[in-house]
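Please look at the sequence and the model first, then read the points grouped by topic below.

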Amino acid sequence: MTKRRQVAMPVFFFWNLLGEKVEMSEHRSPIMVLRTAYNIILTNPVVFYPLWIMAFVQLFILEIFFFAPRQPLAGFFAPLITNLHGETFLHYPYNFALLIKWFDKVQIPLYVFFDSFFLGAMVLIIDQINDDKPVDLKKVFKTAFFRYIHLCLIAALSAGLILKLTSSYQMAKKHFLADPGAPWFLKKPVFYGDGVVNLMISVLVLSIFAFVIPIIMIEKKNFFSALVLNFKNQLKSLWLVFILILLPSLLYVPIFLLRMSWQKVDALPVPELSGALLVVSVFVWLFIDAMRYTAVTTYYLLEQGK
Amino acid sequence: MRQLIGLLASILIVVFIGLSLADTDDYALEKHLWRINREFTIVAHDPAGASPEKFNQLIEDYERLVKRFSNSGQIPRIYLQMGRTYMLRRQWNEARDNFNIILEKYPHSDQFDGEALFYIGKTYEEENDPLSALKVYRQILKDYPLTNIGLETPLYIANYFQRMNKPEHAQKAVSEAIDLYQRIIEQSDRSSNRLRVLRKLATAYVWKEQWQEALQVLEKVLLELPSYPDVDPDAVNGVIKSINSIAVMQLNDYDKAIGIYRGFIRQHPKSELTPHIQEIANALEQLKKPSGST
């Protein structure tokens, strides 16, 4: 078998963070892992169970923000909106600009305090599927509940690091654009490239901490032990994990491009499109999260020989 | 799984329908009005190129809105738009009829009443009747001085005299505007109107080429800006540009502008605007050097 593969198939290598040359065996191929992940979520829709609840909460918040400038919710929200953003945002079509603004703002607290719980639950579901056990949702959510504080901590650490790196990039960008000696041909891509850089930063940070949630949920380790074990594993496979997270994340690029070009809601022929795009983005993220976390957990389990 | 999705989707649908039905506000009206106004903007861009059917369609659409939302507080806004549509057709009497409906039916809607009077004045201007136009503008100053249009009107009158080639009258109107703005500032607290009035006052001083006074007012505006969290970034840049152009171009005094910026930094060291203003002060220092050495 080994001999046949050496003859018939090209052998790929990559270099891990220890500088070792590693053969890319089948389970080390990102495409294979992603394909396996896709098959898992296709044949086990129960994987989506926590994600549907996440999507529900996102859509519910979107709904509340959509009605916030209107009665009866305006009684509470209108003074808040007027003080924070101005009276214009109470009216059509600028209520959609407010919707986008608030929906973006709420993502980080939602990720830290809510999504972390359900992503943890999802990782445990994949583990149970991998063990060929029937999925016991009650047990899954109970375990996630007891691991909640650790899940929150890793989510907060990831979100904090993403925010820090993003703001550092903005500072560096400002200096670069103001520097008369900087190469002029790079200035335009740097000026318009925020979205790509932010995407790469978030993918990189999620890759760095990719195994923390599986370790917290499957190995029942605490946050600090999970971090140490994560880095031990990551030394061997950071770039591969980076690709595992990057490839599904690219599905968001069309949404991102549309959001960029639809920034001015009053310039759209139908301003409602900007709200509809947010709804679509909730479902796209649902699929991206399903792929990312299934792939990373599957890969983690393969690495552990499970 | 299907049960879960069904349950979650039902909750979302019930909440959506419930909140839609509970909405007693003018959202539906705003939505329709925005769509018709967009057509209006296209027509207003080239009124001569628009067909009579297009005008009729606009008027019909506005009338339909008035009928459908007859109890809404936004009805004066629709009459304003109808009047403006007639103005595009140069049908001045029909335009004034619509503006007068606002004054008669909604005498307590100061904002709309002020705007209605302003457009009535414009129709008289178009008919070459400056006396009637000025009479209407003075009525705005008397009855609605603190509305948005009321604050615009003093300088508009000056501008109107200028356009009629009456510079002495224009200068007198600017002096009256300065008096009025100063009186309003003395009475007003830190509301967003105050910032607007201060900027108008600075414009009036610029008109009269009283550069020092204009700079003093702009300095006051700059120092007060951090108290307005929702201030438009364009407004901030407008103030900075005005300070620079008056100090550098008119007075040739870089130190004056630098002094204003240094004062701001001392007074608001932690403001979000401080880094930007620091950069501008540094840039002015750089610009000052060669002119000082020559």
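Asn165(B) sits in the loop that links α8 (148-163) and α9 (167-187) of chain B; helices here are DSSP runs of H or I with at least four residues, and strands are runs of E with at least two, numbered from the N terminus. This is a predicted model, in which local features need pLDDT of at least 70 and side-chain atom pairs count only at pLDDT 80 or more, while totals for chains, interfaces and linings use all residues. Residues are numbered from 1 along each chain as its sequence is written, chains are lettered from A and ligands numbered from 1 in the order in which they are written, and side-chain values use heavy atoms, leaving out hydrogens and water.

**Backbone**

- Most residues other than glycine have a negative phi, and most peptide bonds are trans.
- Asn165(B), although not a glycine, has a positive phi of about 65 degrees.
- With 65% relative accessibility, Asn165(B) counts as exposed (exposed is over 50% relative accessible area, buried under 20% and partly exposed in between, with a 1.4 Å probe and protein chains only).
- Asp132(A), in the loop between α5 and α6 (137-146) of chain A, also has a positive phi, near 60 degrees, and is exposed at 73% relative accessibility.
- The peptide bond from Gln71(A) to Pro72(A) is cis, with omega near 5 degrees, and Pro72(A) belongs to the loop between α3 (48-67) and α4 (74-85) of chain A.
- A cis peptide bond also runs from Tyr92(A) to Pro93(A), with omega near 0 degrees; Pro93(A) is in the loop between α4 and α5 of chain A.

**Nonpolar cores**

- The largest nonpolar core has 101 residues, of which Val47(A), Leu51(A), Ile81(A), Tyr111(A), Ile154(A), Met217(A) and Tyr293(A) touch the most other members (a nonpolar core is a set of buried Ala, Val, Leu, Ile, Met, Phe, Trp, Tyr and Cys residues joined through side-chain atoms within 4.5 Å).
- Helix α5 (residues 94-130) of chain A supplies the largest share of this core, 21 residues.
- Apart from this core lies another, of 89 residues, including Tyr62(B) and Phe264(B).

**Val248(B)**

- Val248(B) is placed in helix α12 (residues 233-250) of chain B and is buried at 18% relative accessibility.
- Leaving aside neighbours within four places in sequence, Val248(B) is in contact with Asp253(B), Tyr254(B) and Leu284(B), where contact means heavy atoms within 4.5 Å.
- Val248(B) and Leu284(B) are 36 residues apart in sequence, and their C-alpha atoms are 9.2 Å apart in space.
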